[in-house]
Amino acid sequence: MSELIAAAPAAGAQPEIAMAGAYPDFANPELLAAIPLDARTVIDVGCSGGALGAAYLRLNPRARVLGVDADTTALELARTRLTEVALCDIETDDFPFDLSGGVDVLVYGDVLEHMADPWAVLSRHLRHLNPGGSVIVCFPNVEHWSIVYRLFTGQFDYDHHGLLDRTHLRFFTARSMRALLEQVGLTPCDVRSRPSDQGPASRFVEAITPALAALGIAPSEYLDRATPVQFIWRASRNPRERLVVISTMLPPQGGVSDVRVIEPAAALASDPTVFSAVREEAEIARVIDGSPHIAVLHRPLLVGDAGRARVRALIDRGFLVVTEFDDHPDFLAARGIDVNDLLTFTGVHAIQTSTEPLAATLSAWNSEIAVFPNAIRDLEPPANFTNPDRLTMFFGALNREEDWGPFIPVLNEVLRAVGPRLHIHVMHDRGFFDALETPHKDFVPISDYVTYRKHLSGCEISFMPLADTTFNRSKSDLKFIEAAAARVIPLASSVVYGASLRDGETGLLFTSPDHLRMQLLRLLAYPEAARRLADAARAEIAANRMLAYQVRARTDWYRSLWARREELDAALRARVPALFM
């Protein structure tokens, strides 16, 4: 068992992280993901340097994030990050803020174990919690195998940090924390563990399996309790009915899967009353008996008997079926698919899409449609405008020569005139890269979405041409919000983007090659004005285009679909009678 001694986490061991007062300046990613994304007012109790609240504000800039702590050094840093902070004794003082509008979320990140009477503290704080509000508690797991191992060897030594922090006054298991939450009048919603190394825990459990058997404890069940270093409980006051939303996802291409599936699924899961996951269609199954179950199929190709069987199988499992589709159906016709033979739109209960023009087109097949525009999940810190003598223009696309072809002569003219002052960074489209007559260019092949956004964020201008076609007019403005969120100036055609950006305020529009020349030279001539344009574009996204601002609308729509499922079943039966034979 000597290897377990080496594997046991030392209570005071910490990675190399900057400190905020007495504790690491660190935003716990699992705790961040557990906070409802659409909260209006959040109080971080024991906020330290405000790292968690700052990370949340990048997800939900409209939120009012308040922090309290007893560490004056940490609060000085938190004051630069959060909406308001206050120095107070959490156990005795009330919150010194204007809470006339109530509180949506109370966050206790490794805090309650430091209190003499966490029951009393929570009860007092809950006076401010709005109906439907949430309490998020992250706490060290006293059942962790390393603590049990130390007890076996006669050790229970406190240290400066970790599971046995010398300031811990209370110790909790996942079950005892649930009991605490119930005792103060909350309804526990879910519990999750923070990632932990299961290898040492498994070896420890294997070693004590005979003892567990003698006690009637299943080793697998004990391993689940003894592996996590920390648990996160989410509880609510008067929570809504649980909702299950399970989505499928096509293989990633560009940012479509991230923006339309992965990120919305994570956003929905931030609501403690929603179970949201991405799964293979064959793995979709009921999760919570008695709750609404919605299956969201990402761009499904539902054809003939096979398509009917797929939808019927989901209906038989107790799901209401929604198609997620964000392209004009003409692209299917271009691939030899007769849209009128598809069940993708007619053979499901409802459709969700990204633009009003698409909704108008798709309504010819199904009138139950919701529009959820593409949105930004997080505002990463800007990484551009570092070289005052050069601007870099980004172009990322694939097989779009019809869009960029007419502008190549003007681009080459400008590139010859300005030399190294304009650099072109091309991703994916080799044809566009080869057409540029300049040494001041570089090329990056197709990549994952995270890499794509990283390359975009290092540029100052994003070139976004779209020809005036029926297909393009139904496209979303995803490239605009991606660029603007990264503080990159959108330099865009009026097709699609004319409805999104304010010309000269949050980007620049062009309608012809000559107009593009004028706008590009304008940016190069006035770099300080260009920077102001980029800042305004980012502010527009922060104010209006964050995914956080859609969460409630999405969950309300799914719940309304379920409430009307008899009506929707009848409409589906009328469109596709064979589904019900």
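A crossover between two strands is called right-handed if, with the strands pointing away from the viewer, the path from the first strand over the helix to the second runs clockwise. In the predicted model described here, local features were considered at a pLDDT of at least 70 and side-chain atom pairs at a pLDDT of 80 or more, whereas totals for chains, interfaces and linings use all residues. Residues are numbered from 1 along each chain as its sequence is written, and side-chain values rest on heavy atoms, with hydrogens and water left out.

Such a right-handed β-α-β unit is formed by β12, helix α12 (residues 304–316) and β13, where helices (H or I, at least four residues) and strands (E, at least two) are DSSP runs numbered from the N terminus. I294 of β12 is the bridge partner of V245, and L320 in β13 is the bridge partner of I294.

Strand β12 (residues 293–298) is largely enclosed by the rest of the structure, because six of its six residues are buried, that is, under 20% relative accessible area, with exposed meaning over 50% and partly exposed in between (1.4 Å probe, protein chains only). In a regular strand the side chains alternate between the two faces of the sheet. Both faces of β12 are covered, with H293, A295 and L297 buried on one side and I294, V296 and H298 buried on the other.

With contact taken as heavy atoms within 4.5 Å, L106 touches I43, F95, H125, L126, L129, S134, V135 and I136, residues up to four places away in sequence not being counted.

A search of the whole structure for disulfides (pairs of cysteine sulfur atoms within 2.5 Å) finds zero. The sulfur of C47 lies 9.0 Å from the closest cysteine sulfur, in C88, too far for a bond, and C47 is buried at a relative accessible area of 5%. For C189, the closest cysteine sulfur is that of C138 at 17 Å, again too far for a bond, and C189 is buried at 13%.

Note on methods:
Two strands pair if DSSP finds at least two bridges between them.
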